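Hi,

Here is the structure I promised to pass on to you. My notes on what turned up in it follow below.

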Amino acid sequence: MFQKILCVGMNCFDIIQICKNYPLEDSEQRSTEYRMQRGGNASNNSTVLSLLGSICEFMGTISKNTFWEFIQKDFEKYSIDISGCKIYYESQFPVSTIIINDQNGSRTIVHSNKDLPELDYEHFKKINLKNYSWIHFEGRNVSQVLKMMKSVNDYNNACGHPITISVELEKRKEALSLAELADIVFVGKEFSNTYNWDGMETTLREMRKHVKSSSTTISIWGDQGAMATGPEGTFSSPAYPPAKVIDTLGAGDTFIAGFIHCMSRGKDLKESLHLACKIAGFKVGTYGYDELKNFKE
């Protein structure tokens, strides 16, 4: 039986407006459709993992204030365990307002987090690491995540390395310090741009300076596909776009979850890379995530 995959990071409440085209400033425009959705990178990772058939848990901070009932029911809908989350009663839930342009599937995000704290190490260390085969960290709240990753490494060193550690580097330059503690490092295009790395090959070359020799690094480059290098070798995969791009929101989160799902099921690096690109391509051809349950290899 497969053990649980834990995703550590953020979740928020998304209000998504789908528009015929991106609105002009100081104008009024009707959307063609809207939906409310649970968001946040690690939260999205857990949704995709569950839809693909993995047993997963989300760990982060949650407000039992506005939107709590919606968020709780949504986690339940996807059978995602949130029992380890840290609960706040006075803080407000983070909210993202998202405009999806129906012409090209682009998404524009306006995010607000008034006062919900990030997850801290003191709370993380309460979990029983024996319950997990894989722990994926969102590269935020770096000083605390660094302590979390070190504690998992210490556990692995003491008992024979049963837990795979992965981390996503997306926006924050300081998150680079997390790479050396991970077995698998996902590097987003936006993160590469902050260091002026001009492509996937450059990214993988530069990342060699910051990761363990035994680790695998994946450079994710949107519609150009992805490239990975590790002990098995170096491989690249094209993107697999649908006939029409409908919704790119969460495409990167979908890729990461797809890759984790494949690797955790014993697939090799090359196959996992291609399948993750196919899963992400399938996702951007639909609204939201629910159709991923119908993805066929």
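F13, F67 and F70 form one aromatic cluster. Rings of Phe, Tyr and Trp (its six-membered ring) count as a pair if their centres lie within 6.5 Å; planes under 30 degrees apart are stacked, over 60 edge-to-face and the rest tilted. Before I go on, please note that this is a predicted model, where local features need pLDDT of at least 70 and side-chain atom pairs count only at pLDDT 80 or more, while totals for chains, interfaces and linings use all residues. Residues are numbered from 1 along each chain as its sequence is written, and side-chain values use heavy atoms, with hydrogens and water left out.

Searching the whole structure gives ten aromatic pairs. One of them is stacked, because the ring centres of F58 and F75 are 5.4 Å apart with the planes at 20°. F58 belongs to strand 4 and F75 to helix 2 (residues 68–77), so this pair links parts that are 17 residues apart in sequence. Helices (H or I, at least four residues) and strands (E, at least two) are DSSP runs, numbered from the N terminus. F58 and F75 are both buried, where buried means under 20% relative accessible area, exposed over 50% and partly exposed in between (1.4 Å probe, protein chains only).

F191 and W197 make an edge-to-face pair, 6.3 Å centre to centre with 65° between the planes. F191 is buried at 0% relative accessibility, and W197 is buried at 8%.

Eight strands form an open sheet in the order 4-1-9-10-11-12-13-14, with mixed pairing; two strands pair if DSSP finds at least two bridges between them. Strand 4 (56–59) and strand 14 (233–237) are the edges, each with a single partner strand, so one side of each has no neighbour in the sheet. Neighbouring strands here are turned by 15° against each other on average, direction ignored. Strand 12 (residues 216–220) and strand 13 (residues 226–230) pair in the antiparallel sense over four bridges, with S219 opposite M227 in strand 13.

Helix 7 (residues 251–264) lies across several strands of this structure, including strand 1 (4–8) and strand 9 (132–138), and runs at about 160° to strand 11. Axes are lines fitted to C-alpha atoms, for helices over the stretch in contact, and angles run from 0 to 180 degrees between N-to-C directions; contact means heavy atoms within 4.5 Å.

An open sheet of four strands has the order 3-2-7-8, again with mixed pairing. Its edge strands, strand 3 (33–39) and strand 8 (107–112), each pair on one side only. Strand 7 (residues 95–101) and strand 8 are antiparallel over six bridges, and I99 has T108 in strand 8 as its bridge partner. Helix 2 lies across strand 2 (12–19) and strand 3, at about 75° to strand 3.

Finally, helix 6 (residues 200–207) is largely enclosed by the rest of the structure, because six of its eight residues are buried. These are M200, T202, T203, L204, E206 and M207, and their cover includes strand 10, strand 11, helix 5 (189–194), strand 12 and strand 13.

Best wishes
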